[in-house]
Amino acid sequence: MRIEKIHLSNFKNYPTADLDVSAKVNVLVGRNGSGKTNLLDAIHYLSFTRSAFQSSDFQNIRHGENYFFIKGQISVDARLHEITCGVQQGLKKNFRNENAEYQKISDHIGKYPVVLMAPDDVDLVKEGSESRRKFFDSMISQIDKVYLENLIQYNYALKQRNSLLKMFQETGKTDWLALEMYDNTLIPQGEAIHLRRKEFVTEFIPTFRRFYNFLVDECEITNLNYLSGLSETRFADGLLKNRNKDLALLRTSFGIHRDDFEFTLGSGDLKRLGSQGQQKSFVIALKMAQADVIRNHKGFNPVLLLDDIFDKLDDHRISRLLELIKNDASQLFISDARPDRTQGLLKQIKVEASVFIVESGNITHHV
């Protein structure tokens with residue numbers, strides 16, 4: 001898979017931009033705030049139909065305008081595809097593939113996969129379970145349409161069940177039969193999601209360890225574990241047992257939406273024991289493993305987006321990461337506020353790159 005061309009209009013700080021990109025390595029250089037990350041986010045939109053950094057589509061419209069538009073030409077197996085995304089105030093998002101609008105935007109997920117590495121990825125280690133669930137859900141959804149559909153249906157039923165619990169408090173009446181209707185939707189979807197997560201982690205761990213061991217020369221022992229209440233309790237039993245607790249909390253307290261993924265260093269918690277470099281190496285290994293798993297399932301390479309990832313890595317880990325980059329067949333987009341550093345590192349491993357200068361929403365090809 002390759003990005004061939006990108007067009008932006010009123011996206012974040014870009015009035016308009018057109019970019020013809022390289023088949024292999026593209027380096028975006030410029031000061032912080034110039035728009036490098038925004039360009040990577042536009043590519044993320046073409047893959048995931050949404051921003052990697054903003055929860056609302058409208059937050060990505062350039063200040064003073066009422067719409068944004070992204071168009072990308074993407075080649076897969078020598079066939080060129082045109083993807084467009086348009087967002088306008090007061091209208092629903094328009095997302096098209098080959099000029100055909102999707103009935104369900106979720107049908108686009110996984111067709112043109114990308115893997116983004118960004119500075120905030122370390123939050124996967126530092127923050128709560130929600131960020132880790134979202135990471136694994138996003139990864140599995142790119143390779144398994146059934147999983148994505150189960151997840152959408154589960155989250156909808158969960159939202160409805162929680163609304164019902166709040167209504168019970170407001171009316172002072174509890175309707176167990178109505179609650180069981182949502183339980184009957186949650187249970188099969190939740191059990192399917194739980195099983196797929198277990199299967200995926202079993203597949204993912206060896207690949208993850210291979211990348212982490214390469215980054216650190218096999219001098220550190222790490223692991224990740226899938227933690228779920230459904231591992232010990234049937235979903236139906238857990239929902240029934242926690243009914244009174246749910247009524248008190250006004251939310252569903254048992255289910256796969258409470259799952260977590262535990263990251264360990266040695267015999268302890270990575271968050272507590274790991275240095276910044278170790279935590280960042282762990283996350284980079286997660287992302288490289290993600291790309292490898294997608295490649296194995298899809299039969300082609302995802303695009304890698306590397307946003308300012310060299311900070312807080314020592315020289316040795318940077319050199320090992322560069323070896324991974326050199327040997328990876330994926331198309332790369334690398335952003336860096338220090339152009340001499342990135343160009344020097346790429347020269348060190350003898351990799352040619354197209355360099356683009358980004359200044360206040362303007363992009364020029366550096367020759």
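Predicted model: local features only at pLDDT ≥ 70, side-chain atom pairs only at ≥ 80, totals over all residues.
Side chains of opposite charge can pair when their charged atoms come close. In one of them, Asp 57 is joined to Lys 93, with 3.1 Å between the closest N and O atoms. Asp 57 belongs to the loop between helix 1 (36–48) and strand 4 (67–76), while Lys 93 belongs to the loop between strand 5 (79–88) and strand 6 (94–97), so this pair ties together parts of the structure that are 36 residues apart in sequence. Lys 93 has a relative accessibility of 17% and counts as buried, because buried means under 20% relative accessible area.

A salt bridge is also formed between the side chains of Lys 104 and Glu 149, at an N to O distance of 3.4 Å. Here Lys 104 is placed in the loop between strand 7 (100–101) and strand 8 (114–117), whereas Glu 149 is part of helix 4 (residues 145–171), and the pair therefore ties together parts that are 45 residues apart in sequence. Lys 104 is partly exposed, its relative accessible area being 40%, and Glu 149, at 27% relative accessibility, likewise counts as partly exposed.

A further salt bridge links Arg 197 with Asp 259, whose closest N and O atoms are 2.8 Å apart. Because Arg 197 lies in helix 5 (residues 176–216) and Asp 259 in the loop between helix 7 (243–249) and strand 10 (260–265), parts that are 62 residues apart in sequence are tied together by this pair. Arg 197 counts as buried at 2% relative accessibility, and Asp 259 counts as buried at 0%. Through salt bridges that share partners, Asp 137, Arg 197 and Asp 259 are joined into one network.

Helix 5, which holds Arg 197, also packs against helix 9 (residues 276–298), at an angle of about 120° and with the two axes 8 Å apart. An angle of 65 to 115 degrees would count as roughly perpendicular and one over 145 as roughly antiparallel, so helix 5 and helix 9 are described as oblique to each other. The crossing in which helix 5 passes helix 9 is right-handed. On the side of helix 5, the residues making the contact include Phe 200, Phe 204, Phe 208 and Phe 211, and on the side of helix 9 they include Phe 282, Ile 284, Leu 286 and Val 293. Sorted by class, the contact between helix 5 and helix 9 has 13 nonpolar, 5 polar and 4 charged residues; among the charged ones are Arg 196 and Glu 203 of helix 5 and Asp 292 of helix 9.

Several loop residues were also examined. Lys 12 is located in the loop between strand 1 (2–11) and strand 2 (14–20), and, at 13% relative accessibility, it counts as buried. When neighbours within four places in sequence are left aside, Lys 12 is in contact with Asn 38, Asp 41, Ser 51, Phe 53, Gln 54, Asn 60, Ile 61 and Arg 62. Thr 49, in the loop between helix 1 and strand 4, has a positive phi of about 70° although it is not a glycine, and this residue is buried, with a relative accessible area of 7%. A positive phi, near 50°, is also found at Asp 308, again a residue other than glycine, which is located in the loop between strand 12 (303–307) and helix 10 (315–327).

Definitions and conventions:
Residues numbered from 1 in each chain as written. Heavy atoms only, no water. Salt bridge = Lys/Arg side-chain N within 4 Å of Asp/Glu carboxyl O. Helix = DSSP H or I, 4+ residues; strand = E, 2+ residues; numbered from the N terminus. Buried < 20%, exposed > 50% of the residue type's maximum accessible area, 1.4 Å probe, protein only. Axes fitted to C-alpha atoms, helices over the stretch in contact; angles between N-to-C directions. Parallel < 35°, antiparallel > 145°, perpendicular 65-115°, else oblique. Left-handed = near helix turned anticlockwise from the far one by under 90°. Contact = heavy atoms within 4.5 Å.
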